[in-house]
Amino acid sequence: MSAILNHAIRRQFGATAARNMSGTAATAGEHSGGYKVWKRLSFFVAVPAVGLCMLNAYLKHQEEHGHPRQEFVKYDYLRRREKRFPWGEGNKSLFHNPHVNPLPDGYEH
């Protein structure tokens, strides 16, 4: 009895696997239009998503641009210069922004 069940199960799984394998064959005729899907996704999904991200960044910048700069408080443990930077005058960081980054003594303007 066990041999009959074993044979029936193997036959069933073998037929199912053969059916599945024949349906997934990658031939040029079936899948040649795949680039159209990606082209449409690029134009109708990716480009608007980048545009929305740019709009969001612009609106956030406009929102923060109207606020006054924070008052400078000189703390002993912040903006310590044990050694001068090897570029420029040595007091400003490499990506120094005078409107946002204060020096150890305060803002430049």
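Me: A polar contact is a pair of N or O atoms within 3.5 Å, and within protein one must be able to donate a hydrogen and the other to accept it. In this predicted model, which side chain is joined to that of His96 by a polar contact?

Reply: His96 is found in the segment after H3. Leaving aside neighbours within four places in sequence, the residues in contact with His96 are Asn101, Leu103 and Glu108. The side-chain pair that counts as a polar contact has a distance of 2.5 Å, and the partner of His96 in it is Glu108.

Me: With which side chain does Glu108 form a salt bridge?

Reply: Glu108 touches Lys92, His96, Pro98 and Leu103, not counting residues up to four places away in sequence. The closest N and O atoms of the bridge are 3.4 Å apart, and the partner of Glu108 is Lys92.

Me: How many residues apart are Glu108 and Lys92?

Reply: The salt bridge between Glu108 and Lys92 has its closest N and O atoms 3.4 Å apart. The pair links distant parts of the chain, with both Glu108 and Lys92 in the segment after H3, and their separation in residues is 16.

Me: Is Glu108 buried, partly exposed or exposed, and at what relative accessible area?

Reply: Buried means under 20% relative accessible area and exposed means over 50%, with partly exposed in between. Lys92, the salt-bridge partner of Glu108, is partly exposed because its relative accessible area is 27%. Glu108 is also in the partly exposed class, with a relative accessible area of 34%.

Me: What distance separates the C-alpha atoms of Glu108 and Pro98?

Reply: Pro98 is one of the residues that Glu108 touches, not counting those up to four places away in sequence. The two are 10 residues apart along the chain, and the distance between their C-alpha atoms is 6.1 Å.

Me: How many salt bridges does the chain have by the rule used here?

Reply: Side chains of opposite charge can pair when their charged atoms come close. Among the bridges are Glu108 with Lys92 and Glu82 with Arg80, the latter with its closest N and O atoms 2.6 Å apart. Lys74 and Asp105 also meet in a salt bridge, at 3.7 Å from N to O. The count comes to three.

Me: How many residues apart in sequence are the parts tied together by Lys74 and Asp105?

Reply: The side chains of Lys74 and Asp105 meet in a salt bridge. Lys74 and Asp105 both lie in the segment after H3, so the pair ties together parts whose separation in residues is 31.

Me: What is the relative accessibility of Asp105?

Reply: A residue counts as exposed when its relative accessible area is over 50%. Lys74 is exposed, at 55%. Asp105 is exposed as well, because its relative accessibility is 67%.

Me: In which helix does Leu41 of the nonpolar surface patch lie?

Reply: Val37, Trp38, Leu41, Phe43, Phe44, Val45 and Val47 form a nonpolar patch on the surface, with about 780 Å² of accessible area together. Leu41 counts as partly exposed because its relative accessibility is 36%. The helix covers residues 34-65, and its label is H3.

Me: Which helix of the chain has the lowest mean pLDDT?

Reply: The chain has three helices and zero strands, and its pattern along the sequence is α-α-α. The chain averages a pLDDT of 83, and 84% of the residues score at least 70. H3 has the highest mean pLDDT of the elements, at 94, while the lowest, at 62, belongs to residues 28-31, helix H2.

Me: What share of the 109 residues in the chain is buried?

Reply: The chain exposes about 10200 Å², with carbon and sulfur atoms supplying 61% of it. A residue is buried when its relative accessible area is under 20%. The share of buried residues is 6%.

Terms used
Residues are numbered from 1 along each chain as its sequence is written. This is a predicted model: local features need pLDDT of at least 70, side-chain atom pairs count only at pLDDT 80 or more; totals for chains, interfaces and linings use all residues. Side-chain values use heavy atoms; hydrogens and water are left out. Patches are made of residues with over 30% relative accessible area and no salt bridge: like charges are joined within 9 Å, nonpolar side chains (Val, Leu, Ile, Met, Phe, Trp, Tyr) within 5 Å. Accessible areas come from the Shrake-Rupley method with a 1.4 Å probe; for residues, only the protein chains shown count as cover. A salt bridge is a side-chain nitrogen of Lys or Arg within 4 Å of a carboxyl oxygen of Asp or Glu. Helices (H or I, at least four residues) and strands (E, at least two) are DSSP runs, numbered from the N terminus. Buried means under 20% relative accessible area, exposed over 50%, partly exposed in between (1.4 Å probe, protein chains only). pLDDT is the predictor's confidence in each residue, from 0 to 100. Contact means heavy atoms within 4.5 Å.
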